[in-house]
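Reader: Please take a close look at one helix and the aromatic rings around it. Give the cut-offs as you go.

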Amino acid sequence: VSTQSTWGVGGLLFLALFCRASYFPQRDISRPINMSRVRSPEETQKILNCGGVCPEWANNIQTVLFSQEDINAKVKELAADISKKFAGKRLLCVGLLSGAFVFVADLLRHLTVPYDVDFMVVSSYGKGTTSSANIKLKKDLSIDPQDRDVLIIEDLIDTGHTLAWIKEHLKNKHCSSVSLCCLLDKKARRTVDVAIDFCGFECPDEFVIGYGMDFADGYRCLPFVGVLKPEAYSHLH
C-alpha cells in the first residue's frame, strides 16, 4: 500500500479485508482459531506453522502478543464506544497510512453512526525501528474537515510526535472536534503528551508487527499482533 491516490478509499478497504482473508486458508471460518492464550515459543510456533504465515516471517516472530480473537473483541468494543459518543453526528474518519488500514476497515464495519472516510500519509519512520520527530506530510486530506467531527484512527502510538503534529494540523483546519482512536498505546516510549480518546490495548515496549504494523514493509497483514525477534532488526542499530 502506498497512498490513497494509488488505491482509492474503496480499494484500500477491500485490500484490508482481502489481506486478512488470505491467512488461515485451510481452516473452517465458522470455528475461529483460539490464540488468546498463546505465549510460549512452542505454542507460537504451532500457530505460525498452520496459519499461512510465510516461513521467513514466521522464523522472526518471537511470540503472539494480541490474538485475532483479542483484536476482534476489542475492535467491536471501541466501535460501540465511538458510536455512543458521536450519536446523532456524521463522523469524518481519518486513517493514517499505511499502518492503520487494516484497523480502519475492521473498525468502520462496526460503527453504528454515519461516517465519511479519508486517509493521510504522514511519515516518521524509515527502515529503522524507532519513530522520530522529523514529520513529513506526504498526503493530506481529500475531504474538507472544516466544521466536522474528526476521528483519527491509528494502529500504534509510541513517542506521540506524529499524532501531536496531526492533531494540531487538523485543528488548524477549523474542525469542530478532533478525537483520537488507537489500537495499541506504547506508553513506555511516550515523549509528547497526547490525549487518546479511544484506546484498545496498552502495548509493552517491544517491536510489534502484524495487523497493519510492519517492519521494513513486511509482516503487515498478519491477523494478529506479534513481537519481532531482536535478531531480525539488531543489524540496524
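Author: The buried residues of α4 are Q68, I71, K74, V75, L78, A79, I82 and S83; buried means under 20% relative accessible area, exposed over 50% and partly exposed in between, with a 1.4 Å probe and protein chains only. An α-helix has 3.6 residues a turn, so residues three or four places apart point the same way. This is a predicted model, in which local features need pLDDT of at least 70 and side-chain atom pairs count only at pLDDT 80 or more, while totals for chains, interfaces and linings use all residues. Residues are numbered from 1 along each chain as its sequence is written, and side-chain values use heavy atoms, with hydrogens and water left out.

Helices (H or I, at least four residues) and strands (E, at least two) are DSSP runs, numbered from the N terminus.

The structure holds 6 aromatic pairs. The rings of F66 and F201 are stacked, because their centres are 4.2 Å apart and their planes are at 20°. Rings of Phe, Tyr and Trp (its six-membered ring) pair if their centres lie within 6.5 Å; planes under 30 degrees apart count as stacked, over 60 as edge-to-face and the rest as tilted. F66 and F201 are both buried.
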